[in-house]
Amino acid sequence: MRVILFTGKGGVGKTTTAAATAVQAARQGIKTLVMSTDAAHSLGDALGVVLSLAADHPDAPVDPVVEVEPGLYALQLSAAHNVRRSWRSVQDYLLTVLNSVGVDPIVAEEMTELPGADEIVALLELRAQVESGPWDLVIVDCAPTAETLRLLALPEALAWHLDRLMPAQRGLLRRLRPAAAAAAGLPMPELQVMESLVRWREALQDIRSILTAEGTSVRLVLTPERVVIAESRRTLTSLRLYGFAVDQVMVNRVFPQPDEESTDTAWLAGWNQAQQRGLSEVRHSFEPLPIVITPYLPHEPVGADALAALAQARTGEIRDVLTLAPVLAMTVQPDDDGYLLTLPLPLVTAAQVDLKRRGDELLVAVGNHRRVLSLPSVLRRCIVMGATVRGATLRVRFMPDERVWPADD
Ligand SMILES: Nc1ncnc2c1ncn2[C@@H]1O[C@H](COP(=O)(O)OP(=O)(O)O)[C@@H](O)[C@H]1O
Ligand SMILES: [Mg+2]
């Protein structure tokens with residue numbers, strides 16, 4: 001299955017671009033679901049249909065998938081309460097554990113607060129649709145960039161928290177040896193909480209594998225303005241940091257070149273000039289990523305026909321929607337006497353990257369974004385010898401060192 005997420009700054013045209021891509025794909029015979037994780041609920045407006053929202057009641061059915069036209073289905077997500085409720089039992093248990101080891105109750109409450117329940121609803125729904133939906137293509141219209149990054153970083157971050165909060169239980173979950181937890185002096189979770197924990201761990205693992213699967217990519221939507229381009233550059237770096245494949249840059253709202261009959265030529269010429277400068281900055285910033293240009297229509301594209309026409313009017317390096325994105329993953333290879341870890345990080349310089357080794361993990365920080373990479377076992381026996389950023393890639397050299405060999409190996 002192909003999954004494409006659309007993200008970008010607020011108001012640049014994410015929903016329109018996502019919906020137009022979905023309509024075009026569906027009309028090519030690709031069975032398509034377009035779902036919106038944005039609380040702004042504008043997907044229905046763009047498609048010109050009512051995407052009914054689930055009633056605000058804990059037992060309300062999940063949000064319904066609406067058929068827009070043959071082959072095209074849409075889904076607007078709304079309800080976060082079911083997730084909060086399911087997390088509550090896990091949280092109560094974690095609070096007991098933290099309490100038993102003397103963590104301040106207020107700190108404990110904060111530590112176990114579910115980060116981004118709305119984001120989790122979106123991810124759980126994406127997982128359900130990918131696993132059991134009849135789709136060839138799932139298009140996700142995401143909330144503005146910051147929330148999307150939080151959304152995409154969440155499965156890993158949350159799994160990390162779960163593992164940190166219950167190291168003994170992690171082993172226990174794996175081996176189902178309650179005696180181990182008892183020996184460690186930790187309160188035992190009730191069966192129902194145990195099941196809940198196991199389900200959460202599995203869900204997070206599944207979501208992470210969907211997001212980083214070969215068939216999943218992110219398309220960055222922007223307009224050719226300097227502030228927007230600057231933010232998009234940072235977004236691209238963050239997306240790569242988290243290991244997501246960005247396979248297209250979509251520049252929206254590009255004014256047509258003036259023709260001879262145009263009456264407001266000076267005004268348009270001004271915009272044309274500014275946008276051409278913007279476009280060349282886009283090329284400069286994002287090449288070799290394919291860049292697609294969407295014209296600024298003289299009206300709002302509302303409804304499937306208008307969206308299909310908008311998609312048709314696109315120019316640039318348009319790729320077939322089902323074509324897989326090239327995967328730029330983290331790699332580890334033998335190098336001299338040690339190993340070389342590489343992580344593609346476009347648009348960064350060495351000065352912006354901060355690295356820290358912490359036990360089995362490598363913390364990579366770029367600006368406000370931080371990723372905790374779980375090191376593959378060969379690297380756990382190594383120490384970091386040095387790091388460089390070259391050719392848009394972070395390279396970290398590791399050397400085996402018996403002083404850091406794990407004791408239990
Ligand atoms: N290429 C375009 N031409 C004309 N209007 C557009 C274009 N792209 C988006 N719009 C309009 O701009 C507004 C914001 O677009 P939207 O897709 O909702 O942005 P976002 O999802 O990024 O917040 C909507 O009213 C939409 O119809
Ligand atoms: Mg939107």
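User: Which residue stands opposite Gln76 in S4?

Analyst: Two strands pair if DSSP finds at least two bridges between them. Here, Ser36 stands opposite Gln76 in S4. Strand S2 (residues 32-36) and S4 pair in the parallel sense over 5 bridges. Helices (H or I, at least four residues) and strands (E, at least two) are DSSP runs, numbered from the N terminus. This is a predicted model, in which local features need pLDDT of at least 70, side-chain atom pairs count only at pLDDT 80 or more, and totals for chains, interfaces and linings use all residues. Residues are numbered from 1 along each chain as its sequence is written, while chains are lettered from A and ligands numbered from 1 in the order in which they are written.

User: In which sense do S3 and S4 run?

Analyst: Strand S3 (residues 66-69) and S4 run antiparallel and are joined by 3 bridges. Glu67 has Tyr73 of S4 as its bridge partner. The hairpin of S3 and S4 has 2 residues between the strands, and Gly71 takes a positive phi near 85° there.

User: How many residues of strand S4 are buried?

Analyst: A residue is buried if 20 or more other C-beta atoms lie within 10 Å of its own, exposed if 12 or fewer, and partly exposed in between, with C-beta atoms placed from the backbone. In strand S4 (residues 72-76), 5 of the 5 residues are buried, so S4 is largely enclosed by the rest of the structure. Both faces are covered: Leu72, Ala74 and Gln76 lie on one side, Tyr73 and Leu75 on the other, and all are buried. In the protein chain, buried residues make up 37% of the 409 residues.

User: Is Ala245 buried or exposed?

Analyst: Ala245 counts as buried because it has 21 C-beta neighbours inside 10 Å. Its place is in the loop between H10 and S7. The C-alpha atoms of Ala245 and Leu211 are separated by 9.1 Å, and these residues are 34 apart along the chain.

User: At what angle do H1 and helix H12 pack?

Analyst: Axes are lines fitted to C-alpha atoms, for helices over the stretch in contact, and angles run from 0 to 180 degrees between N-to-C directions. H1 and helix H12 (residues 304-312) pack at about 90°, with their axes 8 Å apart. That makes H1 roughly perpendicular to H12; angles under 35 degrees count as roughly parallel, over 145 as roughly antiparallel, 65 to 115 as roughly perpendicular and the rest as oblique. Two residues are in contact if their C-beta atoms, placed from the backbone, lie within 7 Å. Among those making this contact are Ala19, Ala20 and Val23 of H1 and Leu307, Ala308 and Leu310 of H12. The contact of H1 with H12 divides into 8 nonpolar, 2 polar and 1 charged residues. Ala, Val, Leu, Ile, Met, Phe, Trp, Tyr, Cys and Pro count as nonpolar, Asp, Glu, Lys and Arg as charged, and the others, Gly among them, as polar.

User: How many residues surround ligand 1?

Analyst: A residue is near a molecule if its C-beta atom, placed from the backbone, lies within 6 Å of it. Ligand 1 is surrounded by 16 residues, of which the closest are Gly13, Lys14, Thr15, Thr16 and Glu300. The shell around ligand 1 has 4 nonpolar, 9 polar and 3 charged residues. Its largest share, 3 residues, comes from H1. Helix H1 (14-27) and strand S7 (246-254) each supply at least two residues of that shell.
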